Amino acid sequence: MTNITELCPYPIIQAPMAGGITTPELVAAVSHAGGLGSLAAALLSPLQIIEQAEHVRRLTDKPFGMNLFVQSKPQIDFAEVESARQLLQPVLSALGWDKLPTPTRWCLDFEEQLDALIVARPAVASFTFDTLHGNQMQRLHDAGILVIGTATNLQETIVWQALGADAVCLQGIEAGGHRGTFIGAQRASNLSMLALLQYCAPHMQIPLIAAGGLMDGADIATALAAGAHMVQMGTAFLTTTEAGTSAVYRKRLLEAKSDTTRQTRAFSGRLARGLDNQFMQLMEAVAEQVPAYPIQNALTSSIRAHASKSNNTELMSLWAGQGVARCRDLAAAELIRVLVSEWHSAS
Ligand SMILES: Cc1cc2nc3c(=O)[nH]c(=O)nc-3n(C[C@H](O)[C@H](O)[C@H](O)COP(=O)(O)O)c2cc1C
């Protein structure tokens with residue numbers, strides 16, 4: 001099988017970003033410009049996974065990636081759900097709601113999503129939140145799909161390599177959105193992207209992809225010089241023209257003059273980094289008590305949907321990495337062109 005680094009001319013992966021951000025237009029524009037576009041499929045139904053992959057293929061014949069959250073059906077403890085509703089009371093009061101709507105489902109079925117991804121057959125599939133199990137890695141390889149595992153500490157990196165992954169994406173603490181920690185406490189995996197890279201590189205025989213806080217070509221040069229074979233950039237692509245980022249979220253990103261991000265469990269039950277806002281502040285005292293993903297994520301979905309509909313950036317999740325102040329308002333192909341030019345001048 002092809003080495004992942006040979007799939008595209010430039011060592012730049014546009015990160016998968018769930019929630020409608022990585023539109024087929026964005027993915028295709030990045031791949032067409034010489035990077036590797038990635039479609040976030042974690043929140044898509046099996047049919048949507050197939051349709052969106054077809055959509056990308058109508059726009060480009062270049063390789064692209066798809067990404068899933070590895071998750072199993074949660075055991076629901078209704079007493080825990082009831083106390084989680086109580087913990088959300090400050091947010092409900094801010095909204096003027098007397099009751100939190102019951103979620104219609106807790107999460108999508110990973111096995112069904114994986115089946116659809118294998119049918120969609122992207123060049124690359126990346127996975128986060130856990131490792132693959134049973135014959136899942138073999139099924140992907142049999143379909144000619146390269147596999148990227150996500151890791152946030154050395155143990156996870158070693159596990160993915162031993163499982164036969166084709167590359168590992170190392171997510172530093174700077175990274176926007178959720179990180180993929182699956183061994184140890186999420187807060188304990190707190191190394192910066194560079195420290196993680198330097199620590200893991202001597203143990204690895206497969207390509208390493210650096211992620212977290214990378215915003216320009218100089219950052220790319222630094223990560224590659226420290227042992228990365230490729231970089232994965234999320235926040236930098238949030239403000240590109242083709243991204244599905246809403247106008248109000250985009251405005252908050254482009255207005256950030258410094259790192260106003262922090263990590264919270266309050267939205268989803270997994271640690272994730274985003275712009276500080278009223279939701280995080282209202283939930284600060286109880287954020288460590290909320291139930292684990294996907295329960296809390298499902299419980300807050302109606303709040304986040306309402307906030308998005310009413311353009312209320314204070315109650316929506318505004319995922320972003322520590323490099324947010326360096327976001328640029330460019331078309332994706334132009335961002336790739338600028339990144340490559342900056343990278344060449346820095347190396
Ligand atoms: C809005 C947003 C959504 C994200 N969604 C996903 C996702 O669906 N799957 C995933 O593996 N990583 C996701 N990530 C993490 C990225 O893959 C990547 O690790 C991160 O963006 C790198 O840090 P940066 O944002 O500082 O560039 C997301 C990040 C952001 C900012």
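Thr 245 counts as buried because its relative accessibility is 7%; buried here means under 20% relative accessible area, exposed means over 50%, and partly exposed is anything in between (1.4 Å probe, protein chains only). The model is a predicted one, in which local features need pLDDT of at least 70 and side-chain atom pairs count only at pLDDT 80 or more, while totals for chains, interfaces and linings use all residues. Residues are numbered from 1 along each chain as its sequence is written, and side-chain values use heavy atoms, with hydrogens and water left out.

So what surrounds this threonine? Thr 245 sits in the loop between α10 and α11 (247-255), where helices (H or I, at least four residues) and strands (E, at least two) are DSSP runs numbered from the N terminus. Setting aside neighbours within four places in sequence, Thr 245 is in contact with Ile 21, Leu 238, Arg 250 and Leu 253; contact means heavy atoms within 4.5 Å. A polar atom of the Thr 245 side chain also lies 2.6 Å from the backbone oxygen of Leu 238.

Turning to the ligand, 25 residues lie around it, and Asn 67, Gln 171, Gly 213, Gly 234 and Thr 235 come nearest (a residue is near if one of its heavy atoms lies within 4 Å). Oxygen atoms of the ligand are 2.9 Å from a backbone N or O atom of Gly 234, 3.1 Å from a side-chain N or O atom of Gln 232 and 3.3 Å from a backbone N or O atom of Gly 176. On its own the ligand has 590 Å² of accessible area, and the protein covers 97% of it (Shrake-Rupley method, 1.4 Å probe; for residues, only the protein chains shown count as cover). Two or more residues of the shell come from each of β3 (64-69), β7 (177-178), β9 (230-233) and α10 (235-238).

One of these, β7, belongs to an open sheet of 3 strands in the order β7-β11-β10, with antiparallel pairing; two strands pair if DSSP finds at least two bridges between them. β7 and β10 (261-264) are the edge strands, each pairing on one side only. β10 and β11 (residues 272-275) are joined by 4 bridges, and Thr 264 stands opposite Ala 272 in β11.

Strand β5 (residues 146-151) is largely enclosed by the rest of the structure, because 6 of its 6 residues are buried. Leu 146, Ile 148 and Thr 150 point one way, and Val 147, Gly 149 and Ala 151 the other. β5 runs parallel to β4 (residues 124-128), with 4 bridges joining the two, and Ser 126 has Ile 148 as its bridge partner.

Then there is helix α9 (residues 217-225), where Gly 217, Asp 219, Ile 220, Ala 221 and Ala 223 are buried. Its buried residues pack against β1 (12-14), α8 (193-200), β8 (208-211), β9 and α15. Asp 216 caps the N-terminal end of α9, with a side-chain oxygen 3.2 Å from the backbone nitrogen of Ala 218. Just after the helix, Gly 227 takes a positive phi of about 115°.

Terms used: A polar contact is a pair of N or O atoms within 3.5 Å; within protein, one must be able to donate a hydrogen and the other to accept it, and residues adjacent in sequence count only if both atoms are side-chain atoms.
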